[in-house]
Amino acid sequence: MNILVVSNVFPPGFVGGFELGALEVATGLADGGHKVTVLSGDYFLDETEESSPIEVRRILNCAPMSHELGDQAARHIQGTYFDFHNIRRMANSIRSLQIDLVLLFNIQGLGALSILRFLSATRMPTIAYLMDNPLHGLDRNSIASQRYESVFGASILGDNIRYIAMSRNVMQQFSESLGQPRSAHLFVPGWIHVEQYGTGAISPRRDLPVRFVFCSRIAPHKGIDLVLDAAEALVGQGVRNFSVDYFGQGQVAQLIQSIRARGLDRYVSYRGSKPKTEMVRTFEDYDALLFPTWEREPFGFVVSEAAAAGCVPIMTARIGASEWLIHEVDCLKIGRTSVALKNAMHHLIALDAEARSEFRRAARRSARQYLSFARWMPVIESECCSAGLLPAGAARAATVGVQAAFQYLGSLWREAGRDDQVD
Amino acid sequence: MEPHTISVTELDTCLDGADVVFVHQCLSATGLFAAAHAKLRGKWTFGLDHGGGEHPLAHHSPEIGRLFDAFLAQSNFGASSFEDIEGRVAVIKGPVDSTYYSVNPQVRRDSSLILAVGRVLPHKGIDRIVPLIPEDARLVVAGSCYDQDYGQYLRQMPAASRLEIREGLSDAEIRTLMQEASLFIQASTHFDYRQRYYAKPELLGLAALEALCCGTPTLVSSAGSLPELSSIRGCTMFHGDGELGALIRGHFSRQPGRPDADEISRDARAKYGLEAYGHQLLTLMAEMGAWQ
């Protein structure tokens, strides 16, 4: 099968788990004998010159990710709604490469809504792989949305677009942004590679502080402050036998200053940032992962990675990853408050060493059994093959006319937007 | 009508009921808008231009022509409208409503009546005919006057006493005039009486075709698509005003060997009539896969 992968960013450069996931799936499909071509933005150029069975064309325009200063609001609108450059490049690739299936990963910033509508109108066999909501930031009541619909019509997607989602959470977010209920054909969790983990037994660690780890973007929406609040509250209650280590990039200076200001140096530390392959082994040194992230978290790969190392996830209830694990069996699910987080931490601290070890073993067992890439890649490939069975010849031909339709309607849309205030 | 005045919801509802969409004035802003929505809904889309204007994008970006599965030109000259645009162009001449416009034996010919039909505008070249009206004939122009200066100019011409402009006639009244007329003249021009240039003065010549279907001998100028009509029996093309004058004089001198009304009508119908047009259109659609 000829597969066209579309992703706003594609490694070696990456921002988060979405791009790395796209790389792994694309590689898995290429290993399965499919011809895979990737269209991506050029924010990160590939200077590794490593040969690969996957051809990557960094020819798309990702409006919000630019090296130049400019009108961010205008870029946001372009990236959310419409970018004719990207439509044209994609249509051309579909025709010239005789594509059988389009596999969309993160298309946020590429003119996401129009990409979906373009593929829908052509009836091109398509899978939208939702590791996040590509329409995040689209406000259906905004002037921009109303202007878009007045030119392009209502955004209704056809059933030629199938969905693989990491969670019901992200599927629901997508449906709400679109304004049309859509359901996933397949749910696939954030996976781990079992072979990257150690096989040693998890033994009780008696009379040692309980070790917590935070590993994500150092940013408020990931809950960095909630962790500090919880730690401060524990200390305030006289609980001393614990530690928290932070890993990740982002607002590091602010974090370090906050740790100092709260007088938590003895319990809380920032440990830098490690490559993913190193981090999965590092998790083995910890009893629990603290992940009080925002509730719209589509999944949270770090949950799988930590659990597979025997590091019990304490996470916000209802995030994507929480749909795959069971509360008090292999994880703890909490409301997104510092009190709930503090109570969960305290619960783990209060367990005896053997019970805590058993909890860790359960998390490890579940993750390795249900969340392994080796288990899910064949399922993903099977779904792609199933979607790709639809005849694509007529759809490829249809890209010619539909491309022109987007060209003209796009010109009207831009014209109408000249007088709009950016909303 | 501009695209922003159109309710997309209503347009899409109309389009949903169709398998094939014919877009008239296809290069105008509204025509492109309708075609774009037809394409988004997976419809076969055919475009026709009647000289109703062109959106700047039509020539700025030839790819915009891909909105249409084919352009349908009513004449070889009309096909030239699409030269700069990508896309297939099919020439299917016509159509003229040959069931409505036909010979009527009940209507007596008026041997002194010369008829011209069309909007009274400079590029219609009515001023070319007026000085050539024989003294024992009269010219009736059936059509609304959209250019008052031009109307005034015509009325001040030396032979204007033999000119009558009739506005607001119904189709039936115009048909009767065509059946009565001794001669029909379509004198359209690329350069009007003030030497203003018109790229597309005629893309078909529908009024002349209707007159021919009524069996009326017809003179057409060499402007736009009109020369193509001279393949119909009873239709003669002229190049300049001198040639037009000679043909008018020849007509009124009753030269022998001219086809009769039935012959003219039959030939026009065979080449430009609804049935001939429909047959060619369905053949094209079948060849493209839009019709089985």
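Guide: In this predicted model, β1(B) pairs with strand β2 (residues 44-48) of chain B in the parallel sense, over five bridges. Within that pairing, F22(B) has F46(B) of β2(B) as its bridge partner. The two strands belong to an open sheet of four, ordered β1-β2-β3-β4 (chain B), with parallel pairing. Its edge strands are β1 and β4 (89-91) of chain B, each of which pairs on one side only. On average, neighbouring strands of this sheet are turned by 25° against each other, direction ignored.

A helix accompanies the sheet: α11(B) lies across β1, β2, β3 (70-73) and β4 of chain B and runs at about 140° to β2(B).

The second largest pocket has a volume of about 940 Å³. Its lining comprises 38 residues, and the closest to the pocket's centre are H50(B), R119(B), K124(B), E202(B) and L206(B). The elements of chain B that give two or more residues to this lining are β1 (20-24), α7 (171-180), α8 (206-213) and α11 (274-288). The edge strand β1(B) and the helix α11(B) that lies across the sheet are thus both among the contributors. The largest share, three residues, comes from α8(B). By class, the lining has 17 nonpolar, twelve polar and nine charged residues.

The pocket's position follows from its lining: domain 1 (3-95 + 273-288) and domain 2 (110-271) of chain B both give residues to it, so the second largest pocket lies between these domains.

How values were computed. Residues numbered from 1 in each chain as written. Chains lettered and ligands numbered in written order. Predicted model: local features only at pLDDT ≥ 70, side-chain atom pairs only at ≥ 80, totals over all residues. Heavy atoms only, no water. 1 Å grid on protein atoms, 1.4 Å probe; cavity = no way out; pocket = protein on both sides within 12 Å on 5 of 7 lines; lining within 4 Å. Points joined across faces, edges and corners; volume = space filled by probe spheres on them. Nonpolar A, V, L, I, M, F, W, Y, C, P; charged D, E, K, R; others polar. Domains from an automatic or database assignment. Pairing = 2+ DSSP bridges. Axes fitted to C-alpha atoms, helices over the stretch in contact; angles between N-to-C directions. Contact = heavy atoms within 4.5 Å.
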